[in-house]
Amino acid sequence: MTTELAKHFEPTTAESCYPDWEERGRFSSRPREGRKGDYCIVLPPPNVTGTLHMGHAFQHTLMDALIRRERMRGKNTLWQAGTDHAGIATQIVVARELEKRGIHAAKLPREEFLRHAWEWKERSGGLITAQMRRLGASCDWARERFTMDDDLSRVVISVFVRLYEEGLIYRGKRLVNWDPVMLTAVSDLEVVSEEEAGVMYHVRYPFADGGKDRGGGIIIATTRPETILVDGAIAVHPEDERFRPLLGRRVTVPMTEPPRDIEIIADSFVDPAFGAGCVKITAAHDFNDYAVRERHPEKNIPLIILFTPEAKMNENAPAKYQGLDRFEARKRIVEDLRAGGLLIKEEPHRYHLPRGDRSGAVVEPMLTDQWFVRAAELAPKALAAAAEGRVRFFPENWRKTYQHWLENIQDWCVSRQLEWGHRIPAWHDDEGNIYVAESEEKAREKANGKKLRQDSDVLDTWFSSALWPFSTLGWPEENNEHYRRYFPTSVLVTGFDIIFFWVARMVMMSERLAGKEPFRDVYITGLVRDAEGQKMSKSKGNIIDPLDVVGGVSLQSLLAKRADDLMTPRLRARIEAQTKKDFPNGIPPYGADALRMTFASLASYGRDIKFDLERCAGYRNFCNKLWNAARFVLSACADYKHESEATDAANGYGIPERWIVSRLQRCELEVENAFAIYRFDLAAAAIYHFLWDDYCSRYLEMAKGRLLRNRKATQRALVAVLETALRLCHPIMPFITETLWQKIAPLAGKSGETIMLAPYPSADKTKMDEKAEAEMAGFIAAVEECRKLRAELRIPPKERPAVFIGESGKATLAPLAEDFCLLTKTSEIRWNNPPANLPRVTVPLSFPRKRESSANAGNNRNEDGDNTFHLALDWQATAAADKEESARTEKKLRATKAELEKLERTLADPEFINRAPPAVVKKKTTRAAALRATQKELLRLRQTP
RNA sequence: AGGCGCGUAGCUCAGUCGGUCAGAGUACUGCCUUGACAUGGCAGAGGUCACAGGUUCAAGUCCUGUCGUGCCUACCA
């Protein structure tokens, strides 16, 4: 060999092939002659808020595996990459960065802030794509996009204009979730509610007529006493007898200046059993209350806004409260209520507080002008796409979640009061008219040259994301080659956390605008969590950077990454302690292939992926195993010259060669079935077991002996199977397979510059060999029984005793006698029933189904009438080993007896015989016969010593 | 409150059509540095499949309920 392989797999070396792939255009989506179909995945564009996390790496691995496999299967493939501007998230990050440099983002002119944001985008976007490359992602980088690229922005604007003109977008004053820290509206999806401790205040509103009945007023319960100031009504349940007499009566709102009266009205949303049984109605600051007002237009319930955008008390509050923060105001008002004798009761109360998911601030329902999409009009087609199976979910049950949301869909607030994003293409004149157009010029035309200013809002990020699958492919240019070829895309791979945010909205927009579904399949992945099942998050300090798993990281760097940014020292100390405990020596380098294999094997249909580095270590070992297998093959086949493919007979293939080839087909079939339903874990497991158990532990070990006897055929099998297996694993482990394939492929007579474009293996049924598999199954069983016997008898490893094998085993084992001796470290086989004084085991043989009834199967039946034979080692056990052996015998006997009794009970049941399928009856009968033989043998053994 | 999951070996999880289905990896125990690999080999121990009913000849698997647990949606002021 001119080029020796290192003794251990070195991931970094293998991973260095990436630039070559890229430079040679291996990832290109350009269609080629003779390709068999098209396959496209659009990458869910990562936010340019920083770097990729484990969840991204996980999903990217799966997408890359799909793409690489289809590329090898001969399709034109496009993996469309790109990043998302991620409006609010990025704006927060950029503002924070500026803060560090002493710049107050809020005070910057819009243009200046945007300049900083673009700088940040360049940096972050570069980091993200570098990370993806490091993990092996085979995106068509030449087509990489950003949601705010000029052409994509133009599409966003034109879609907005179109939907506006079609009446699907409108502007209106509506109650929206307002984030008083970010100073923007947020959609209901961006609000997280968690239970928190609060206080329920019971407050008396005096009767306006001065009546002293019922204690002189009505008592309401509230958690937000500060909003009393702008109450518009009191509501009770229409059938609540306690309050019925009060309907229509008026009460005075406490502490208003000048005092205001409001009416007691009936509305069935009030729960008589909760709180005081009656509710104050603050229509401008509560969604329920707003709805009450809409239901009772005749009552003219006032709609008074109490807060500034920062959630401070505005001019509608009495002078003494004006300018106070809402929570400060609450304290003061409670004090004043108490002083005025109107505070009847305070009790601790747990309730859900809505907070902005980005800022963490308590969100305020606020009446503002916003832009909305009439989602309810878009939903039916999106529902139909799923119902008709044009869009299929994997796993299927996520379809229900999708449907449920679409069936209950609300209008979508798409305006955000931010700098960073697609500016809404609407212009206002001084008279309050609005002109929606694709450019200022066009707007001015519509406005007859009036002085205009553009709406200062930008669009929700998800608005542009919803167009991503087709806008990146060239839509609305219907003739664009990529659009025609690759749309609808093949599969969307994403997490369940954004089914609402993104998946449903993409389908809605695509159905409406492109007239078809955006993707055929939706594969919903689980969410990557840490080894304890905690969600990975910066604030928890349990983030793992995927590249640190690939390349390793010292404890120091890890601590710096996790804790440096944290403001609170206590949190910092806790995270440092936890990190030191979890990774006392940092993280060793596992390599991209091992990480990818880990991700694949964790990708079952479960919801949570607990990421455990131990698992990763297992697959790193697997890489090393594969590496060393190749190393062995290369050294064993240094003198091998490939000759053209021939029949098994001409190849000189024996049973083991036919067996390993057959097993390979089976593995290929399993992988194919697994990929078809996105069960990457099953594909990974099939590959793992084939390579480790069948190829390495069994065939390769046998090959060591067979190379001496049947060199050429053994070499051919070793090389051909390994070469195919490398191609089979390539989609999951691209680097190691490319490196090894470069060395192995020439031996196998394969040409080609890269494994990436070599054909993907698919099972060849003619190479499945049931007979060889059955005979090898018998052989393997014999080897395992013999090894167990060795271990039980405590035979030192260096000893090579002879082995007795009963006559009925001869047909199966004689052709493999030398292999048997090699694998069991025995000297020779003596073909007669073991002498009675030696402990022996019973080995079952299996036969190919087709030949089961044929005449020669009978030759292998022993005196018990079942397909077994006896095996013993020519070795006198020591007393100690003997004692242990007899203990084991007892245990086996108990287990055998128990199973046999259970089986016999079943077989004795006439119902079972009558109703169960004959195949099952036969199976159990056979099993019972085998157990009886085993039991007989064990009983004999117990008496012999 | 509704919806969707989950509960299988110490840990992380497979188990598709009800019948070789009590499984894998990892951790653990013993032996082995044998010419691909100690990131390895051989062997071993370890589970009342959360619990209770039901359907069935047959249930980890299907049905009902209970307990535990997680997520999502909507919420009572």
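Is Trp118 buried, exposed or partly exposed, and at what relative accessibility? In this predicted model, Trp118 counts as partly exposed because its relative accessibility is 31%, where buried means under 20% relative accessible area, exposed over 50%, and partly exposed in between (1.4 Å probe, protein chains only). Residues are numbered from 1 along each chain as its sequence is written, and chains are lettered from A and ligands numbered from 1 in the order in which they are written. Local features need pLDDT of at least 70, side-chain atom pairs count only at pLDDT 80 or more, totals for chains, interfaces and linings use all residues, and side-chain values use heavy atoms, with hydrogens and water left out.

Across the whole structure, a search finds 30 aromatic pairs. Rings of Phe, Tyr and Trp (its six-membered ring) pair if their centres lie within 6.5 Å; planes under 30 degrees apart count as stacked, over 60 as edge-to-face and the rest as tilted. Trp118 and Trp420 form an edge-to-face pair, because their ring centres are 5.3 Å apart and their planes stand at 80°. Trp118 belongs to helix H5 (residues 110–134) and Trp420 to the loop between strands E17 (415–416) and E18 (426–428), so the pair ties together parts 302 residues apart in sequence. Helices (H or I, at least four residues) and strands (E, at least two) are DSSP runs, numbered from the N terminus. Trp420 is buried, at 1% relative accessible area.

The rings of Phe470 and Phe487 are likewise edge-to-face, since their centres lie 5.9 Å apart with planes at 70°. Both Phe470 and Phe487 are buried.

Ring pairs also join Phe160, Tyr164, Trp371, Trp412 and Phe463 into a cluster.
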